[in-house]
Amino acid sequence: MSRWGGRAKGRELERRAALAGEASADAAVAMEAATAQELADAGLGAMAEGEDGPPGTPPTAPPDLTAAAFFDVDNTMMMGASIFHFARGLAARKFFSTSDLAGFAWQQFKFRVGGRENSEDVKASREQGLSFVAGRTVEEMVAIGEEIYDELMADKIWSGTQALAQMHLDAGQRVWLVTATPVELAAIIARRLGLTGALGTVVESEDGAYTGRLVGDLLHGRAKAHAVRALAAREGLNLRRCTAYSDSHNDVPMLSVVGTAVAVNPDTALRDTARARQWEIRDFRTGRKAAKIGVPSVLGAGAVAGAVAAGMAYRKRTA
């Protein structure tokens, strides 16, 4: 390929990554709004806005409107690849054959043993999975996703990473998952963990049914960085006050757009990068490396002060 051809390909990949990021941010905002409406309809709107809950419950922190946390899913929040667990559930429901599942298993094996994602492997496995849901309704797949989460994913959550997410929530910050997994499945994981929402790959749908095509590209690599930037613009976030967590060197673009980057269960390349850039490292794969969760090390005094200031501004705006 000529130099000019390489540049053209690079521009096209960047365009598709940006499109994927924008689509993911739009989906995340829409899902967050729908959840807020559901809470309001259930009479829980005040609690969602940071007010105290029923008598006897701990008071919640005022909302910190300009800071947030972003968590990768596969091997960061969850052991292994979420899409593989989903594929196992679909195979059990006869969506495809055991030989098809073997392909997913091989990709999962390489991921778990090698400790790194290969972008081409990720793309092949995700697109293979998408082909199996083409023609299925979004409603049907969400219902199945709920079942599969309970059966195969709930016990795969890293408790240490979940504690980090809860730390941000307790400080009044919003928390989003950021993953190449289809956004509907990512949203299920986020909802079950009590998080704000999720940025994920957007699969095109028409009349409530999947076409099997992606909007833009997979939310992977640079696309995740685009999604975080796009969501920050829509939500009024100050990225310098935000934190991102991942296990993979492929997520360095996302980790680099926020003020605080944390390597969780990092692959070798990310561990080296984290050390070079003086990013914090948390490893929950063994008790030997698991660090004690503490507010000062990740949130910092500035973030806590910002949460108070944001809460005051919020009360003034809504008074």
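1. Leaving out residues up to four places away in sequence, Phe71 touches Met77, Thr161, Leu164, Ala165, His168, Val175, Trp176, Leu177, Val178 and Tyr245; contact means heavy atoms within 4.5 Å.

2. The model is predicted: local features need pLDDT of at least 70 and side-chain atom pairs count only at pLDDT 80 or more, while totals for chains, interfaces and linings use all residues. Residues are numbered from 1 along each chain as its sequence is written, and side-chain values use heavy atoms, with hydrogens and water left out.

3. Phe71, Leu90 and Leu177 have the most contacts inside the largest nonpolar core, which has 45 residues. Such a core is a set of buried Ala, Val, Leu, Ile, Met, Phe, Trp, Tyr and Cys residues joined through side-chain atoms within 4.5 Å; buried means under 20% relative accessible area (1.4 Å probe, protein chains only). Among the elements that each supply at least two residues are strand E1 (68–72), helix H3 (82–92) and helix H7 (159–170). H6 gives the most, with seven residues. Helices (H or I, at least four residues) and strands (E, at least two) are DSSP runs, numbered from the N terminus.

4. The buried residues of H7 are Gly160, Thr161, Leu164, Ala165, Met167 and His168. Seen down the axis of H7, they fall within an arc of 150°, so they line one face of the helix; the arc is that of the directions from the helix axis to the C-beta atoms. Just after H7, Gly172 has a positive phi of about 85°.

5. His226 belongs to helix H9 (residues 222–235). His226 is buried, at 18% relative accessible area. Beyond its neighbours within four places in sequence, His226 contacts Glu14, Ala17, Ala18 and Gly21.

Conventions:
Buried < 20%, exposed > 50% of the residue type's maximum accessible area, 1.4 Å probe, protein only.
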